[in-house]
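Trainee: I am new to this structure. Please take me through a single part of it, slowly enough that I can follow along in the viewer.

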Amino acid sequence: MQELINIDIGHLLSDKDPANFVSETEYANFTAKHGQAFAEFQAPLKDKTSPITLSFGEEKAIPRIKELARELGEKYDHVLLLGIGGSALGAKAVLQFLHGPFYNLEKHTQPRLFILDNLDPVLLTKVLDVIDMAKTAIIYTSKSGSTPETAAQFIFFYNKYKAAGGRPEDIVIICDPGDNGINHIAQQLDCRLLHIPRDLPGRYSVLSSVGFLPAEITGIDSARLLSGAAAAHQSIINTPLPQNALFALGSCLYELSTQGKSMHVLFNYSSLLFEFGLWFVQLWAESLGKRLSLDGKVVHAGTTPLASLGATDQHSILQLFKEGPADKVLGFVKIDSLPADVTLTEAFPTEKEYAYFTGHSMSEQLDIEQLATEMSLVGAGRPCYRITLREISPEALGALLYFYEALVVYTAKLWHINPFNQPGVEEGKNITYALMGRQDYSRRRPEYEQAMQRFKNGVRLKLS
């Protein structure tokens with residue numbers, strides 16, 4: 001993994017400012033303090049019983065996924081992926097990192113891919129202005145099959161697809177195995193069906209058919225993503241504690257959270273990493289934000305994740321990071337080797353604000369600005385770490401994705417919480433089911449209707 005990604009935690013440590021950093025003495029004691037917890041975290045990774053290691057079992061599905069992607073690419077000009085949360089964020093991160101933000105505008109032989117990840121009627125109707133449903137394949141991704149936003153999207157586009165003469169057997173459904181509505185629909189349509197491993201939560205599912213099929217449709221080799229993840233896995237389970245990057249970073253983040261660092265900012269220094277930042281936010285928040293510990297104690301665990309884009313956000317939120325509350329740990333993610341660069345030639349040589357750019361490249365400037373921002377923050381007492389990807393490649397991205405998944409699971413171990421459930425999001429779903437008229441939630445509808453009516457009657461102030 002060290003060849004694919006490099007992790008530098010040096011600026012999380014300082015003896016000069018122990019209130020804001022991990023002291024060198026404390027860091028030296030990590031093996032004694034957290035070594036047992038890390039060994040307990042490593043054990044299910046080593047024997048492949050951890051939910052995140054279920055991704056490696058997906059290797060056997062890749063040939064079928066490749067064939068399905070080839071068939072769809074030969075038949076359709078566009079592919080419409082319907083999903084929300086983990087059913088969309090991972091695929092968006094993969095596509096943007098490896099294809100850039102303008103994939104759908106470029107000329108290539110693969111279909112254009114549109115990912116709709118919100119229940120917004122304007123979004124849904126706007127996409128119909130730019131695609132021909134008769135030339136569009138549908139991928140419906142929902143782990144449970146009952147996610148209300150994606151189910152509503154599917155009903156809308158399924159009817160549009162049928163009206164345009166679409167073939168129901170070409171629809172692709174990606175979901176949990178089980179006796180549920182989405183599998184019943186797949187059987188009724190006799191369509192393409194891919195199953196997500198039952199115990200692999202949606203936010204960890206990018207290294208499965210959820211991420212692999214959209215990747216393959218756009219020409220990305222999903223086996224290379226999995227190869228990078230495997231390299232990260234081997235490093236995590238085999239590297240001794242004093243040199244183990246995941247042990248060091250996870251232990252530091254946990255200790256800093258106990259010192260009041262309640263926010264975890266990921267400052268991504270490439271536009272190709274923007275969607276990765278949003279994937280990180282869901283993974284970190286939904287996995288670690290827990291009210292109860294494993295033994296039922298109220299702990300309100302977790303730190304608040306925030307994704308920023310460098311160098312863009314140097315001109316906005318950086319002001320808060322440096323001079324606002326000292327409640328943040330900042331991680332920087334950068335790319336060492338870019339496939340393209342721009343070197344500036346001379347222009348306006350008499351103007352000092354412009355003349356100094358001559359002969360410098362934009363990648364050089366971006367690298368300097370990242371380090372300058374990190375130096376400035378550390379100097380202001382803000383602890384920082386840095387992850388450098390060797391290159392833009394499926395292997396590097398696969399390693400990064402798996403590293404953060406494992407980092408979350410280890411950090412949850414230190415907090416003594418379950419990183420694989422999400423009880424905090426269930427109540428809103430249940431209210432939605434009842435108020436939308438879902439039959440098996442109907443008994444609670446009167447209660448929720450009354451509660452919502454009371455809730456609407458807040459203090460209303462007008463701006464006129």
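Mentor: Let us take the open sheet. It has 5 strands in the order β3-β2-β4-β5-β6, with parallel pairing. Two strands pair if DSSP finds at least two bridges between them. Helices (H or I, at least four residues) and strands (E, at least two) are DSSP runs, numbered from the N terminus. The edges are β3 (112-116) and β6 (192-195), each pairing on one side only. On average, neighbouring strands of this sheet are turned by 15° against each other, direction ignored. Such angles run from 0 to 180 degrees between N-to-C directions, and axes are lines fitted to C-alpha atoms, for helices over the stretch in contact.

A word on the source. This is a predicted model, where local features need pLDDT of at least 70, side-chain atom pairs count only at pLDDT 80 or more, and totals for chains, interfaces and linings use all residues. Residues are numbered from 1 along each chain as its sequence is written, and side-chain values use heavy atoms, with hydrogens and water left out.

Strand β2 (residues 78-82) runs parallel to β3, and 5 bridges join them. Leu 82 stands opposite Leu 116 in β3.

Next come the helices on the sheet. Helix α3 (residues 62-75) packs there, touching β4 (136-141), β5 (172-175) and β6. Contact means heavy atoms within 4.5 Å. The direction of α3 makes about 145° with that of β6. Helix α7 (residues 181-189) also packs on the sheet and touches β4, β5 and β6. The direction of α7 makes about 155° with that of β5.

Follow α3 to another helix. The axes of α3 and helix α8 (residues 209-217) come within 8 Å and cross at roughly 45°. That makes α3 oblique to α8. Angles under 35 degrees count as roughly parallel, over 145 as roughly antiparallel, 65 to 115 as roughly perpendicular and the rest as oblique. The crossing of α3 and α8 is right-handed: the near helix is turned clockwise from the far one by less than a right angle. From α3, Ile 62, Ile 65, Lys 66, Leu 68, Ala 69 and Leu 72 take part. From α8 come Ser 209, Phe 212, Leu 213, Glu 216 and Ile 217. By class, this contact has 8 nonpolar, 1 polar and 2 charged residues. Here Ala, Val, Leu, Ile, Met, Phe, Trp, Tyr, Cys and Pro count as nonpolar, Asp, Glu, Lys and Arg as charged, and the others, Gly among them, as polar.
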